[in-house]
Amino acid sequence: MRRIVLACLLWAAAAGAVRAAGYDDFARGVTAGVHDDFDGAIAAFTAALGDGDLSPALVPQAYRGRAEAYLARNRCADALADLDAALKLKPGAADLLAPHGIAAECLDKLDVALADYDAAVAARFSIGVTRRRGHLRWRLGDFAGAAEDFAAYVALAKQDAYGVLWLEVSRARAGTLDPKQASDDARHVDDGGWPAALLAV
């Protein structure tokens with residue numbers, strides 16, 4: 001939820017004049033989400049969408065904000081419905097595809113989730129989506145694909161011990177584990193924390 005705050009503020013600035021009720025409820029939704037008040041965020045974004053005067057530029061973001069609050073409450077079907085609505089208004093938007101994939105994966109719609117993550121990765125939305133796709137590929141038994149994703153993730157997050165661990169385990173399952181490469185991958189990891197000790201074995 002926090003990462004949408006800046007985007008929402010930029011959208012608000014770009015939207016021009018926004019009538020008071022819709023904007024006020026939208027702003028309350030963003031604030032509630034930042035403070036992990038997910039029920040408050042759901043209520044505020046619902047009001048914003050129902051006010052009928054929210055700027056069209058903010059409507060997809062209101063759906064997204066409510067969807068992320070729904071996900072935090074494990075209401076995955078509601079989240080997916082909101083993200084479907086947002087994508088109808090903003091087709092192919094990478095900032096909507098990533099959470100859409102999360103909601104789809106939550107509902108075991110793994111083919112939908114994979115397609116969403118593929119599109120978000122292609123759009124270079126976030127390296128975190130690459131890591132998420134790696135976990136999904138592992139779940140689907142595509143260990144070589146998972147290793148490819150974790151390698152791309154670790155290249156930009158070298159100190160993430162869990163990322164390195166998932167990379168090497170994926171390579172092991174794919175039959176491509178190279179102890180020398182694994183040692184090199186692990187050299188940037190902080191050796192004081194867990195699971196760094198596993199990488200030293």
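## Exposure and the predicted model

A residue is called exposed when its relative accessible area is over 50%, buried when that area is under 20%, and partly exposed in between. E148, with a relative accessible area of 52%, is therefore exposed. The structure described here is a predicted model.

## The disulfide

The model contains 1 disulfide. C76 and C106 form this link, with their sulfur atoms 1.8 Å apart. The link is right-handed, with 60° about the S-S bond.

C76 is buried, at 5% relative accessible area, whereas C106 is partly exposed, at 35%.

A103 lies in helix α6 and is buried, with a relative accessible area of 0%. Leaving aside residues up to four places away in sequence, A103 touches L71, C76, A79, L80 and L83. The C-alpha atoms of A103 and A77 are separated by 7.2 Å, although the two residues are 26 residues apart along the chain.

Helix α7 has 13 residues and reaches 18 Å from its first C-alpha to its last, close to the 18 Å expected at 1.5 Å a residue. L110, A113, D116, Y117, A120 and V121 are its buried residues. Seen down the helix axis, they fall within an arc of 130°, so they line one face of α7. The face turned away from this buried side carries the exposed residues D111 and A122. Among the elements that cover the buried residues of α7 are α6 and α8.

Just after α7, R124 takes a positive phi of about 55°. F125 is found in the loop between α7 (110-122) and α8 (127-139). F125 counts as partly exposed, at 27% relative accessibility. Its C-alpha is 6.9 Å from that of D95, a residue 30 positions away in sequence.

## Salt bridges

Side chains of opposite charge can pair when their charged atoms come close. The structure holds 18 salt bridges. One of them joins D39 and R73, whose closest N and O atoms are 3.1 Å apart. This pair links distant parts of the chain: D39 is in helix α3 (residues 38-51) and R73 is in the loop between α4 and α5, 34 residues apart. D39 is partly exposed at 46% relative accessibility, and R73 is partly exposed at 41%.

R137 forms salt bridges with E148 and with D149. The side chains of E148 and R137 meet at 4.0 Å, N to O. E148 is in helix α9 (residues 143-156) and R137 is in helix α8, 11 residues apart. For R137 and D149, the closest N and O atoms are 3.2 Å apart. R137 counts as buried at 14% relative accessibility, and D149 counts as buried at 1%, whereas E148 is exposed. D118, R133, R137, D142, E148 and D149 are linked in a network of salt bridges.

## S170 in helix α10

S170 lies in helix α10 (residues 161-174). At 0% relative accessibility, S170 counts as buried. Leaving aside residues up to four places away in sequence, S170 touches W138, F143, A146, A147 and F150.

How values were computed
Residues numbered from 1 in each chain as written. Predicted model: local features only at pLDDT ≥ 70, side-chain atom pairs only at ≥ 80, totals over all residues. Heavy atoms only, no water. Helix = DSSP H or I, 4+ residues; strand = E, 2+ residues; numbered from the N terminus. Buried < 20%, exposed > 50% of the residue type's maximum accessible area, 1.4 Å probe, protein only. Disulfide = S-S within 2.5 Å. Expected span 1.5 Å × (residues − 1). Arc of directions from axis to C-beta. Contact = heavy atoms within 4.5 Å.
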